[in-house]
Amino acid sequence: MAIVGRPNVGKSTLLNALVGHKISITSRRPQTTRHKVLGVLTRENEQLVFVDTPGFQTQHGGALNRTLNRNVRQALNEVDAVLMVVEAGHYGDADAAVLKLLPATVPVLLAVNKSDRLTDPARMLPFLQSVAAAREFAAVVPVSAQRRRNLGDLIRALAERLPEQPPLYEADTLTDRTERFLAAEMIREKLFRLLGDEVPYGSAVVIEKFAEEGRLRRIHAAIVVEKDGHKAIVIGKGGEKLKTIASGARKDMEQLFGGKVFLEVWVKVRERWTVDEALVRSFGYDA
């Protein structure tokens, strides 16, 4: 089941809430998610497999954003159902553009996220009616991913639309992504959370070494930016910003991996990498 929507409606937060673990990074900035991230929820008689997708980009081009949009389209062709996420009280052209992408052959369920911010029925009900008129949705469920409200109702609605078949994954599987991938994402999350407006969007994280020694993981990572000025911003005065980024990422890794992590991070400059198809591929983005 693909989770789709415009940037910054809370798709990754919703995935984490549904699965019960943080497997997709989040921030207040739009377009934090750049990869398809699979999350698995296994219950007694059912298994739901979610695919978190990048927010569909309608305003900016470039090799990176074209790649992200292709990933969204590909995910839509590989699922049994689609969960579209909108923000309560906000439905505009960007949401409508995503809705037009959805195939007519699969059921589409609508999750109205951040519904706790729109508690007045006089505003919520007309909004739900106007959005529901845009397409025949299999279900419309107001939720709050951050506060974990109405997730049970959403899961039941989703489960009812899935085909009966043997489980695709073992019961203890949370995601198909490797620890190496998750480590890079933990670092990239800190870039989005701790830096200014421009730098995170021109940055990537490459894991150059990932070694396990018992329960200890030794990880060497490179943060790639487009400009020398961005490198200075990431490092910060006396290296303090880079230390803060690495420390926060290391703590998240240790919690997720269940063991100690030795993390070494440095910064490299690759000019205009976001518009270079070859570099985009080399940094782990499927072109």
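# Close-up views of a predicted model

View 1. Buried means under 20% relative accessible area, exposed means over 50%, and partly exposed lies in between (1.4 Å probe, protein chains only). Helices (H or I, at least four residues) and strands (E, at least two) are DSSP runs, numbered from the N terminus. The model is predicted: local features need pLDDT of at least 70, side-chain atom pairs count only at pLDDT 80 or more, and totals for chains, interfaces and linings use all residues. Residues are numbered from 1 along each chain as its sequence is written, and side-chain values use heavy atoms, with hydrogens and water left out.

**View 2. The six-stranded sheet.** The strand order in this open sheet is β2-β3-β1-β4-β5-β6, and the pairing is mixed. Two strands pair if DSSP finds at least two bridges between them. The edges are taken by β2 (37–43) and β6 (139–142), each with a single partner strand, so one side of each has no neighbour in the sheet. On average, neighbouring strands of this sheet are turned by 25 degrees against each other, direction ignored. Axes are lines fitted to C-alpha atoms, for helices over the stretch in contact, and angles run from 0 to 180 degrees between N-to-C directions.

**View 3. The partners of β3.** β2 and β3 form a hairpin with two residues between them. These two strands run antiparallel and are joined by seven bridges, with β3 covering residues 46–52. Leu 41 stands opposite Leu 48 in β3, and the bridge partner of Val 37 in β3 is Asp 52. Strand β1 (residues 2–4) pairs with β3 in the parallel sense over two bridges. Here Ala 2 stands opposite Val 51 in β3.

**View 4. Ile 155 in helix α5.** Ile 155 is found in helix α5. This residue counts as buried because its relative accessibility is 8%. Leaving aside neighbours within four places in sequence, Ile 155 is in contact (heavy atoms within 4.5 Å) with Leu 18, Leu 41, Arg 43, Glu 46 and Leu 48. Ile 155 and Ala 17 are 138 residues apart in sequence and 11 Å apart in space, C-alpha to C-alpha.

**View 5. The three-stranded sheet.** A second open sheet has the order β7-β8-β9, with mixed pairing. β7 (204–213) and β9 (261–269) stand at its edges with a single partner strand each, so one side of each is left without a neighbour in the sheet. The twist averages 15 degrees from one strand to the next. β7 pairs with strand β8 (residues 216–225) in the antiparallel sense over nine bridges, and Ile 207 has Ala 221 in β8 as its bridge partner. Helix α6 lies across β7, β8 and β9, running at about 135 degrees to β7. Helix α7 (residues 228–235) lies across β8 and β9, at about 155 degrees to β9.

**View 6. Helices α6 and α8.** Helix α6 (residues 179–194) packs with helix α8 (residues 240–257) at an angle of about 140 degrees, with their axes 9 Å apart. The two helices are therefore oblique to each other. Angles under 35 degrees count as roughly parallel, over 145 as roughly antiparallel, 65 to 115 as roughly perpendicular, and the rest as oblique. Residues in the contact include Leu 182 and Met 186 of α6, and Ile 245 and Phe 257 of α8.
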